[in-house]
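Welcome! Please take a moment to look over the sequence and the fold before reading on.

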Amino acid sequence: MENRTEIADLGEFGLIDHLTKNFETYNVSTVESVGDDAAVMDHFGKQTVLTTDLLIEGIHFDLMYTPLKHLGYKSVIVNLSDVYAMNAQPTQITVSLGITNRFSVEALSEFYEGVYAACEKYKVDLVGGDTSASQKGFIISVTAIGEVAPDQYVKRSTAQKGDLICVSGDLGGAFLGLTLLEREKKIYLENPKVQPDLEGEDYIVGRILKPEARKDIIEFFEKQDLRPTAMMDVSDGISSEVLHIARKSGLGCRIYEDKLPINDSTRQAAFKFGLDPTVCALNGGEDYELIFTIKQEDHDKIVLNEEISVIGYMTEQEEGCKFLSKGGNTFDITAQGWKAF
């Protein structure tokens, strides 16, 4: 039996000290981090962006197939992704947890290992947070703070007619990873003797359990001296994100099925489940890619980046938001991605 330390043995401050004692800071803007009444940050004439996300057990994650370390990592990533979606660089995070007594100190340490790994990879400082007892389930709230040169931030509402619609990476993988894990969970609950079969599905499982934020794309923009006209991250599915950009910008759009970037592993998994890979790419959420619009004259700047696909363009509002299939049919784009309520 592995050692189990009850949270009550450490107390709140002891627990925070225990979980955060090894964090080092990566950013000069972090003046004071964990251990005081508030953190102190100084962004030296830059503008500050702020975002926060709530993750609730049973709604956003299932601990039956989500390792705590992966969950800690992902909790940070989903917030960093929102900062990158503003064309900003994340610098600090706070992490708050609601925990029931079924979690030991060791379990929380595992969660924090994931938080720590994400902070290290993205060079972000953990500067505070809160822990509380919870009656039911595990509740995670992460806030991310970032910095951006004045007037370089990018909103959702500023796309222009004729702009190209681009997306980073590939789409639909996370949704299929989730579909697979849910299927294996169901089989396990019906027969606990059956071992889960995730053979050969590393790609889609990785997309759901350990997503990455697209820091590389933001750095690419900076190198190319390129500023997207509008941008957001793909958390609910590309169909709902493109509708957001269109509605907020007062425009319509055209998306082409044959331009959607879909990984081969995702495509194969979709066929295995009897699903249409295009539908998974359009409506599956949690890919944490960036969808953005650029002026047509900036096309040459992105053409050499294999991580960026042009999937369509912005039109007049009257033309609506349309999807053009490979067969040449035109459909209205509807938001069928993740709905919070």
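Predicted model: local features only at pLDDT ≥ 70, side-chain atom pairs only at ≥ 80, totals over all residues.

**Strand 4 and its partners**

Let us begin with strand 4, which covers residues 89-99. Of its 11 residues, 8 are buried, so the rest of the structure largely encloses this strand. Strand 4 pairs with strand 6 in the antiparallel sense and with strand 5 in the parallel sense. The table sets these two pairings side by side.

| Partner of strand 4 | Residues | Sense | Bridges | A bridged pair |
|---|---|---|---|---|
| Strand 6 | 139-148 | antiparallel | 9 bridges | Ile-93 with Ala-144 |
| Strand 5 | 125-133 | parallel | 8 bridges | Leu-97 with Thr-131 |

How does the chain get from strand 4 to strand 5, and what is the hand of this crossover? The path leads through helix 3, residues 105-122, and the β-α-β crossover is right-handed. As background, side chains in a regular strand alternate between the two faces of the sheet.

**Helix 7**

Now turn to helix 7, which is made of residues 238-249.

Among the buried residues are Ile-238, Val-242, Leu-243 and Ile-245, along with Glu-241 and Ser-249. In general, an α-helix has 3.6 residues a turn, so residues three or four places apart point the same way.

Which residues make a nonpolar surface patch of about 290 Å²? Met-64, Tyr-188 and Leu-189 form it. You can find Met-64 in the loop between strand 3 (47-56) and helix 2 (68-84). Its relative accessibility is 40%, and Met-64 therefore counts as partly exposed.

Another residue to look for is Thr-5, which sits in the segment before helix 1 (7-20). Thr-5 has a relative accessible area of 25%, so this residue is partly exposed as well. From Thr-5 to Gln-92 there are 87 residues in sequence, and their C-alpha atoms lie 29 Å apart in space.

Notes
Residues numbered from 1 in each chain as written. Heavy atoms only, no water. Helix = DSSP H or I, 4+ residues; strand = E, 2+ residues; numbered from the N terminus. Expected span 1.5 Å × (residues − 1). Buried < 20%, exposed > 50% of the residue type's maximum accessible area, 1.4 Å probe, protein only. Pairing = 2+ DSSP bridges. Right-handed = clockwise from strand over helix to strand, strands pointing away. Patch = residues over 30% accessible without salt bridge, like charges linked within 9 Å, V, L, I, M, F, W, Y side chains within 5 Å. Areas by Shrake-Rupley, 256 points an atom, 1.4 Å probe, with all protein chains shown as cover. Salt bridge = Lys/Arg side-chain N within 4 Å of Asp/Glu carboxyl O.
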